[in-house]
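Open the structure in your viewer and keep the selection panel at hand. The stops below say what to select and what is there.

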Amino acid sequence: MQQIFHGLSAAPGVGLGNVYKYAPAAQVGESVGERGDGYVAHPAQFGTPVEEWERFLAARLLVDEELARLAQIGQAATADIFLVHREILHDSTLTDAVRAAIDAGSDATRATHLATGQLVQLFRGLSDQYFASRATDVRDVGQRLVNRLGGITSARQLDTLPTGTILLAEDLTPFDTTHLDQAHVVGIALAASTPTAHTAILARSLGIPLVCGAGSEILQLQNGMFGIVDGIRGRMLVDPDEETLEQYRLTRARLQRFQAEALSQSHEPALTPDGVRIPVRVNVNSREDLLHIDSNGAEGIGLLRTENLFQHRASPPSIEEQLAAYRDVHSYTNNHSLTVRLLDIGGDKPVPYLQQQAEANPFLGVRGIRLLLRHPQMLTDQFRALVQLAHDVSPVSRIRVLIPMISKVNEVQQTLALFEKIPGYRHCRQELGTLEIGVLVEVPSAALLARHFAPQVDFLSIGTNDLAQYTLAADRVNSTVATLATPLDPSVLRLIALTCEAGRAAGIPVAICGEVAGDPSVQPLLLGLGLNEVSVAGPAVPLVKSAIRRVDMAAAEALAATALQCSRAQEIHQLLHDL
Ligand code: PEP
Ligand code: MG
């Protein structure tokens, strides 16, 4: 029977597929049995060989039904793939190998792991291109069986999820999310979390629909059930009735059509009918994002989050290592500008080697520039690498350095004073013109005081994810307060307007790189408030450009003036809805 779980829309789009629960091994608890090869299962699940074989057969039946369903909802080309997968599922080479492993003492899950692993190796070793490419299909089928038998328990398995997976979890770390593959994961539903958590930001940049705050009931669902993630209305459905399913298939097709239309013009500039040109750049969180910059038509990188480079390692990267990484990223920009945000750790992104003190409220603690000013070596090393890059790039390119978490004017001054000491800084900023310094306005005090520091920098960028969190005192990773922290609250809009005023007075551009900028429907409001540049998740670039091309600036300014007089976010949503 159809069930609906309501949550919050965290990444747009509609995904149809089979649900699998991700419960990292550490959370499974004491009873977990580790078999030494990364595979983890519950000892309670081990049965006699006969029972294990029956478990395998039951899982195989369910996977067969699952594949039949996927063949039915997909397009003709994908239907063929699922047909091949069904053949693999029943192939005696696979089933005989599973049987042999069970008879030799393995439980069904481990036996499936072993048997598919052997078959994958066998196919990979074949010189015939056709058979070699079947290895991926075998792995897909094997993972589908394993998910049915035991569930997903390690981040490593997230790399190999079968096609058409809807991932369910309590929450995902940003690290887990970087393991996901858009070709295989068609949707994510999280019991907790919020649209501005870094996990949601990553899902958007991967183009995977995501619903968060859907409640712990979603974790009671059985692996393999058929479901829909509706990232537009913020809900998750399982076992949809035929009529609902048909509606969603049509919606998905319509969204794909819009995206394709926008994509066909994505290399044109975003110019309003009155001739205002708005550079549309991309937010980059991972290597994957770099690969699509060109095809999405982004005019450079408006926010490179550098935390990945510093996390999950024992010590900070050297200047040379950083320079190599930034050079590599720059090579994808086509000599457009590259905005690199200085390391913004703390908050929901800790770094073990810094031995940060445990904090009761890490988002209000030593984060971003506060941390960097306490570790000046790390700050200046990162900056040295960026100055070197600015020195080496073509004169038409711009390396823009963005300072995160500024809350006091003297933090800007202290940071600039440290920069002054770096050889080549003045030369690149003042003579070559390839280096620009900007402040990320994401704390209300920074917006209120922007006019004091704007004259000392070259640009401002507004981070509405944090600006909303800090203005409305609503933790960006706590789903119970997520609806409070909307960037379309009039309080946040007033701070955006103040920042734009400060930028205008200082004669410098003001960009927006918070997630709200990726919503095509808010472009009239953003432009009306005075923003000059936007930076958004890669898949949103074409749609945002299309939306900007329809903005009448006079009407947008009138809209912004009305919005600034509103007292509630709902009124602003209504204004946008009525456009
Ligand atoms: C923001 O706060 O809006 C922002 C762009 O930075 P992050 O989401 O990485 O904190
Ligand atoms: Mg931020």
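Leaving aside its neighbours within four places in sequence, which residues is aspartate 137 in contact with? Select Ile81, His85 and Ile88: these are the residues that aspartate 137 contacts, where contact means heavy atoms within 4.5 Å.

Before going on, note that this is a predicted model, in which local features need pLDDT of at least 70, side-chain atom pairs count only at pLDDT 80 or more, and totals for chains, interfaces and linings use all residues. Residues are numbered from 1 along each chain as its sequence is written, chains are lettered from A and ligands numbered from 1 in the order in which they are written, and side-chain values use heavy atoms, with hydrogens and water left out.

**Stop 1: aspartate 137**

Stay with aspartate 137 and colour helix H6, residues 129–149, in which it is found. Helices (H or I, at least four residues) and strands (E, at least two) are DSSP runs, numbered from the N terminus. Aspartate 137 has 10% relative accessibility and counts as buried. Buried means under 20% relative accessible area, exposed over 50%, and partly exposed in between (1.4 Å probe, protein chains only). Now draw a distance from the C-alpha of aspartate 137 to that of isoleucine 88: it is 8.0 Å, although 49 residues separate the two in sequence.

**Stop 2: the whole chain**

Zoom out and show the chain as a cartoon. It has 25 helices and 18 strands. The radius of gyration is 25 Å, close to the 25 Å that the globule rule gives for 579 residues, so the chain is as compact as a globular protein of that length. This radius is taken over C-alpha atoms, and the rule is 2.2 Å times the number of residues to the power 0.38. Along the principal axes, the C-alpha atoms fill a box of roughly 75 × 50 × 50 Å. Of the 579 residues, 55% are buried. Among contacts between residues at least 6 apart in sequence, 67% join residues at least 24 apart.

**Stop 3: the magnesium ion**

Select ligand 2, a magnesium ion. Which residues coordinate the magnesium ion? Glu442 (OE) and Asp466 (OD) do, at 2.0 to 2.1 Å. The pair links distant parts of the chain, 24 residues apart: glutamate 442 is in the loop between strand E15 (435–441) and helix H19 (444–453), and aspartate 466 is in helix H20 (residues 464–471). Donors are N, O and S atoms within 2.8 Å of the metal (3.2 Å for Na, K and Ca); water is not among the atoms, so sites may look incomplete. Glutamate 442 is buried, at 2% relative accessibility, and aspartate 466 is buried with a relative accessible area of 2%.

**Stop 4: asparagine 334 and asparagine 335**

Move to the loop between helix H14 (319–330) and strand E13 (338–341), where asparagine 334 lies. Asparagine 335 is also in the loop between H14 and E13. Most residues other than glycine have a negative phi. Here phi is positive, near 60 degrees for asparagine 334 and near 65 degrees for asparagine 335. Is asparagine 334 buried or exposed? It is exposed, with a relative accessible area of 59%, while asparagine 335, at 34%, is partly exposed.

**Stop 5: serine 286**

Finish in the loop between strand E11 (280–284) and helix H11 (287–291), which holds serine 286. At 18% relative accessibility, serine 286 counts as buried. Its C-alpha is 8.3 Å from that of arginine 305, 19 residues away in sequence.
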